[in-house]
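Subject: Structure handover

Hello,

Here is the structure I promised to pass on. Please open it first, then read my notes below.

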Amino acid sequence: MTQIRLVGRPTPSPAPAPPAFPAPRAEPDPAGGLFPVDGAEPSADAVVIRRTLAEIAPIADNVTSYFYALVFTGHPELRELFPAAMDVQRDRLLKALLTAAEHIDDPQVLTPYLRRLGSGHRKYGTLPQHYPAVGEALIGALSRYAADTWGPEAEAAWVRAYTTISQVMIDAAAEDQQVRPAWWHAEVVSHDLRTPDIAVVTVRPDQPYPFLAGQYTSLETPWWPRVWRHYSFASAPRSDGLLSFHVKAVPAGWVSTALVRHARPGDVLRLGPPAGSMVVDHSTDNGMLCLGGGTGIAPIKAMIEDVAEHGERRPVEVFYGARRDGDLYDIDTLLGLQQSHPWLSVRPVVSDGLTGQLPDAVGEHGPWSSYDAFISGPPAMIRSGVAALKRIGIPGERIRHDAVEELVAAG
């Protein structure tokens with residue numbers, strides 16, 4: 001057992017007996033012994049954990065600040081794993097832990113989520129020995145701010161939950177290390193400014209970078225070390241190995257502004273591993289209904305190329321949305337693809353109310369009962385688009401999009 005002690009609290013207060021987290025196991029066991037069988041009632045631990053989450057929800061900012069104070073005062077060596085400015089990054093780690101805890105009795109949701117986190121955290125330099133320090137801070141923050149629901153039962157439930165969470169992540173990172181690097185260096189080879197705020201950035205990785213059309217990666221610039229943002233690949237895998245991204249500079253967007261305003265050929269970026277399940281299923285010939293808002297058209301363009309390269313002739317219907325005509329920065333490329341492929345139809349949708357108008361435009365066409373749907377764009381558009389597609393009869397399991405939570409964080 002690894003004994004964890006709370007040390008260096010910012011505000012002196014009587015500390016309870018420290019929780020004990022088991023040392024990482026040699027063999028993976030993603031279930032962790034906490035998950036109920038299918039159809040069972042929520043586990044006792046899940047009930048207790050959700051009570052704690054409900055109590056701290058209104059004071060999440062305070063919990064987050066105290067959590068990081070405990071991490072950095074108790075373990076100052078961990079500070080170098082985080083960006084110099086924490087105003088954007090500060091709540092991501094805690095939110096990820098709390099999201100995982102909320103789904104502690106749902107392995108179908110939790111295990112893939114944690115495995116993505118564990119393998120993705122390799123690019124930060126996270127090691128197995130860092131996890132107990134984070135668990136110590138988590139328990140310390142919860143015990144301070146969840147006074148009404150905290151006690152021996154709650155602490156034991158959270159220790160068991162965090163032990164499961166951390167072990168799945170550690171196991172995923174160890175497996176990922178056997179097959180690919182933690183990150184890739186990639187040199188900018190072209191920078192095409194399509195509008196004053198949108199650039200197409202093309203890079204050459206320093207070693208082969210396998211991915212699927214429709215996926216995305218995390219990207220770090222030399223101007224903001226340890227600040228990573230998600231961007232979709234704007235093309236299917238290419239024979240020359242080059243990768244392209246569509247980037248829009250957004251207010252207070254450190255990475256996006258750097259890429260649009262400052263990046264030039266010769267600059268070297270870092271890429272994390274590919275992620276995302278919004279990919280083409282080549283085992284079916286179902287039609288594809290694609291909604292792309294703004295730079296969300298990038299992965300849809302990649303999937304169109306993927307269908308073409310596989311020689312398929314399934315119908316692909318694309319609705320490309322923007323607020324103004326000038327924001328349809330890639331429309332010429334899409335119309336060129338439409339001319340080359342009779343199975344492809346591209347419909348631009350221009351409206352100041354992009355969030356609502358793009359999904360509504362889809363309902364004016366169809367029917368779409370035999371189509372698989374793909375949505376890419378701002379988080380609000382994805383949410384409204386999913387609701388609109390369900391209203392016109394497309395089952396939820398046939399609607400694919402990137403994780404909204406990750407897109408919110410990336411913004």
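Is helix 3 largely enclosed by the rest of the structure, or largely open, and how many of its residues are buried? Largely enclosed, because 8 of its 11 residues are buried. Buried here means under 20% relative accessible area, exposed means over 50%, and partly exposed is in between (1.4 Å probe, protein chains only). The buried ones in helix 3 are R92, L93, L94, A96, L97, L98, A100 and A101.

First, the ground rules. This is a predicted model, in which local features need pLDDT of at least 70 and side-chain atom pairs count only at pLDDT 80 or more, while totals for chains, interfaces and linings use all residues. Residues are numbered from 1 along each chain as its sequence is written, and side-chain values use heavy atoms, with hydrogens and water left out.

Overall view. The protein chain has 12 helices and 13 strands. These are DSSP runs numbered from the N terminus: helices are H or I with at least four residues, strands are E with at least two. Of the 411 residues in the chain, 52% are buried. Among contacts (heavy atoms within 4.5 Å) with a separation of 6 or more, 75% join residues 24 or more positions apart.

The core. The largest nonpolar core holds 46 residues. Such a core is a set of buried Ala, Val, Leu, Ile, Met, Phe, Trp, Tyr and Cys residues joined through side-chain atoms within 4.5 Å. I49, F67, L97, L114, L138, W158 and I165 have the most contacts inside it. At least two residues each come from helix 1 (44-56), helix 2 (60-74), helix 3 (92-102), helix 4 (107-120), helix 5 (131-145) and helix 6 (152-177). Helix 6 gives the most, with 10 residues. F67 touches L93, L94, L97, V134, A137, L138 and A141, leaving aside neighbours within four places in sequence.

Helix 6. It is largely enclosed by the rest of the structure, since 19 of its 26 residues are buried. At 1.5 Å a residue, helix 6 should span 38 Å, and its end C-alpha atoms are 37 Å apart, which agrees. The expected span is 1.5 Å times one less than the number of residues.

Helix 5. It is mostly covered, with 13 of its 15 residues buried.

Helix packing. Helix 3 has two contacts worth a look.

- With helix 6: the axes come within 10 Å and cross at roughly 105°. The two helices are therefore roughly perpendicular, a label for angles of 65 to 115 degrees. L97, L98, A100 and A101 in helix 3 meet W158, Y162 and I165 in helix 6. By class, this contact has 7 nonpolar residues, no polar and no charged.
- With helix 2: the axes are 9 Å apart, at an angle of about 110°. This pair is therefore roughly perpendicular as well. V63, T64, F67 and Y68 in helix 2 meet R92, L93, L94 and L97 in helix 3. The count is 6 nonpolar, 1 polar and 1 charged.

Axes are lines fitted to C-alpha atoms, for helices over the stretch in contact, and angles run from 0 to 180 degrees between N-to-C directions. Ala, Val, Leu, Ile, Met, Phe, Trp, Tyr, Cys and Pro count as nonpolar, Asp, Glu, Lys and Arg as charged, and the others, Gly among them, as polar.

Loops. H75 sits between helix 2 and helix 3. At 16% relative accessibility, H75 counts as buried. Its contacts, leaving aside neighbours within four places in sequence, are L70, A133 and E136. S370 is in the loop between helix 10 (354-363) and strand 12 (371-376). S370 is partly exposed, at 43%. S370 touches N286, G287 and R398, not counting residues up to four places away in sequence.

Backbone. Most residues other than glycine have a negative phi. R226 has a positive phi of about 65° although it is not a glycine. R226 lies in the loop between strand 5 (216-220) and strand 6 (228-232). A252 also has a positive phi of about 65° and is not a glycine. A252 lies between strand 7 (243-248) and helix 7 (254-261). At 70% relative accessibility, A252 counts as exposed.

Best wishes

How values were computed:
Angles under 35 degrees count as roughly parallel, over 145 as roughly antiparallel, 65 to 115 as roughly perpendicular and the rest as oblique.
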